[in-house]
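Me: I have a new model open and I'd like a quick tour. Can we take it piece by piece?

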Amino acid sequence: MMKTACGFVLISALSTHFCFASQPTLTATFDNDGLFGVDREYTNGLFLSYTSAELPLDNRLTSLSLSSQSLDKFEVMLGQKMYTPRDLFASEPLVNQRPYAGLLYSELNYLTILPQRTARYNVTLGVVGEDSLAAKAQRLVHNITNSEYPNGWDYQVEEGLVFNLGYLNHYALYRASSSNSTQFEISNISEINGGNLRSDISSGLMLRWGENLTGSLGAANIDSERNFRPSALGNAKQAWFLYSGIELMYRFNDITLEGNRPGIENEQNFPITLDHTQAGAVMGVAWYNHQFGASFSANIRTADYQQALSDYHANASFSVFFFL
């Protein structure tokens, strides 16, 4: 045990400057539940992000940085999310089903990375409602693919501007190397978010096995929405890892469920009650080299509102990324 601990400290000390990718990263991510034969709840997400090269010491936010030895970056992301009820064909509001909701938003992340710990601070600004373009996007795609046409977007959540602040801490509790150049890791991921979009607090455990885990802490997350973030990956010539995790969450508010639906005359007849206690799990794989990489994951979460007709919802997520 002492040998493992000493090795962990040695790796931490030696890897800080050369384990992480210092070049910019461009990432595209696609979330969808079609792989599981459904089209409901959190049904689709599209994300495009750009991560800066390593920030020089003079340009860092020292109040947020973990250490003078950490690698710090900015990430800018543009994304769109869609939420729909189970019955897309219905042209009238539905009882005991999730309301239509769309979110178009931008997110600014500040990442500060050490081999044993990664922290992420974020600011989110977006719109929920018709201006999210979710209705137009889903109708267009469903027309092209000859899928069931979503008829109920006239009753979507319409809230306008949304704003959120968030913080995530990813800490390696245990990491050990084997004789075949692979590593095994157990880590804790804790997160807190606050704002009129969503407010919640969560914590979970993640297991990873693969190559160069020291240089990729913080890339994989326990979330059904954009759970892989290549901005925290290292610049190994080639590496891969498998990951699996589970988390518990307490959510205080969720505007995509609780927001106003002005298209419904008697909104009180269509109540939706947020389920404050939620849980989620993820299982995925990632591979990358010094030029590009990809990840794939399957995600499952408990229902996020009390009237839900199913106890859980599953979706898949795919990311492709390029080191510029």
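Me: Where is Gly 215 found?
Reply: Gly 215 is in the loop between β8 (198-210) and β9 (238-254). Keep in mind that this is a predicted model.

Me: Is Gly 215 buried or exposed?
Reply: Gly 215 is buried, because its relative accessible area is 0%.

Me: How far apart are Gly 215 and Pro 115 in space?
Reply: Their C-alpha atoms are 6.3 Å apart. In sequence, 100 residues separate Gly 215 and Pro 115.

Me: Back up a bit. What is the mean pLDDT of the chain?
Reply: The mean pLDDT is 91. Of the residues in the protein chain, 93% reach 70 or more.

Me: Where does pLDDT stay under 50?
Reply: Over residues 1-20. The model has 34 contacts beyond four places in sequence for that stretch. Where pLDDT is low, the predicted coordinates should not be read in detail.

Me: OK, helices. Which residues of α2 are buried?
Reply: Helix α2 covers residues 134-144, and Ala 134, Ala 135, Gln 138 and His 142 are buried in it.

Me: How do those buried residues fall, seen down the axis of α2?
Reply: They fall within an arc of 100 degrees, so the buried residues line one face of α2. An α-helix has 3.6 residues a turn, so residues three or four places apart point the same way.

Me: And what is exposed on the other side of α2?
Reply: Lys 136, Leu 140, Asn 143 and Ile 144 are exposed there.

Me: What covers the buried residues of α2?
Reply: The cover includes strands β2 (41-51), β3 (71-84) and β4 (101-114).

Me: Which residue just after α2 takes a positive phi?
Reply: Asn 146 does, with a phi of about 55 degrees.

Me: New topic, rings. How many aromatic pairs are there?
Reply: The count comes to 13 aromatic pairs. One of them is Phe 74 with Tyr 110: the ring centres are 5.1 Å apart and the planes are at 70 degrees, so this pair is edge-to-face.

Me: What does the pair of Phe 74 and Tyr 110 tie together?
Reply: Phe 74 lies in strand β3 and Tyr 110 in strand β4, so the pair ties together parts 36 residues apart in sequence. Phe 74 is partly exposed, with a relative accessible area of 25%. Tyr 110 is buried, at 3%.

Me: And how far apart are the ring centres of Tyr 121 and Tyr 167?
Reply: The centres are 5.0 Å apart. The planes of Tyr 121 and Tyr 167 are at 45 degrees, so that pair is tilted. Tyr 121 lies in strand β5 (residues 117-128) and Tyr 167 in strand β6 (residues 160-177), so the pair ties together parts 46 residues apart in sequence. Tyr 121 is partly exposed at 23% relative accessibility. Tyr 167 is partly exposed with a relative accessible area of 25%.

Me: Which residues do ring pairs link into a cluster?
Reply: Phe 228, Phe 241, Tyr 243, Tyr 288, Phe 321 and Phe 323. Arg 208 lies over the face of Phe 241, at 4.7 Å from the ring centre.

Me: Last one, Glu 41. Is it buried or exposed?
Reply: Glu 41 is in strand β2. Glu 41 counts as buried because its relative accessibility is 11%.

Me: What joins the side chains of Glu 41 and Tyr 305?
Reply: A polar contact of 3.0 Å. Beyond its neighbours within four places in sequence, Glu 41 is in contact with residues including Met 82, Arg 86, Arg 98, Asp 304 and His 313.

Key
Residues are numbered from 1 along each chain as its sequence is written. This is a predicted model: local features need pLDDT of at least 70, side-chain atom pairs count only at pLDDT 80 or more; totals for chains, interfaces and linings use all residues. Side-chain values use heavy atoms; hydrogens and water are left out. pLDDT is the predictor's confidence in each residue, from 0 to 100. Contact means heavy atoms within 4.5 Å. Helices (H or I, at least four residues) and strands (E, at least two) are DSSP runs, numbered from the N terminus. Buried means under 20% relative accessible area, exposed over 50%, partly exposed in between (1.4 Å probe, protein chains only). The arc is that of the directions from the helix axis to the C-beta atoms. Rings of Phe, Tyr and Trp (its six-membered ring) pair if their centres lie within 6.5 Å; planes under 30 degrees apart count as stacked, over 60 as edge-to-face and the rest as tilted. A charge sits over a ring if NZ of Lys or CZ of Arg is within 6 Å of the ring centre and within 35 degrees of the ring normal. A polar contact is a pair of N or O atoms within 3.5 Å; within protein, one must be able to donate a hydrogen and the other to accept it, and residues adjacent in sequence count only if both atoms are side-chain atoms.
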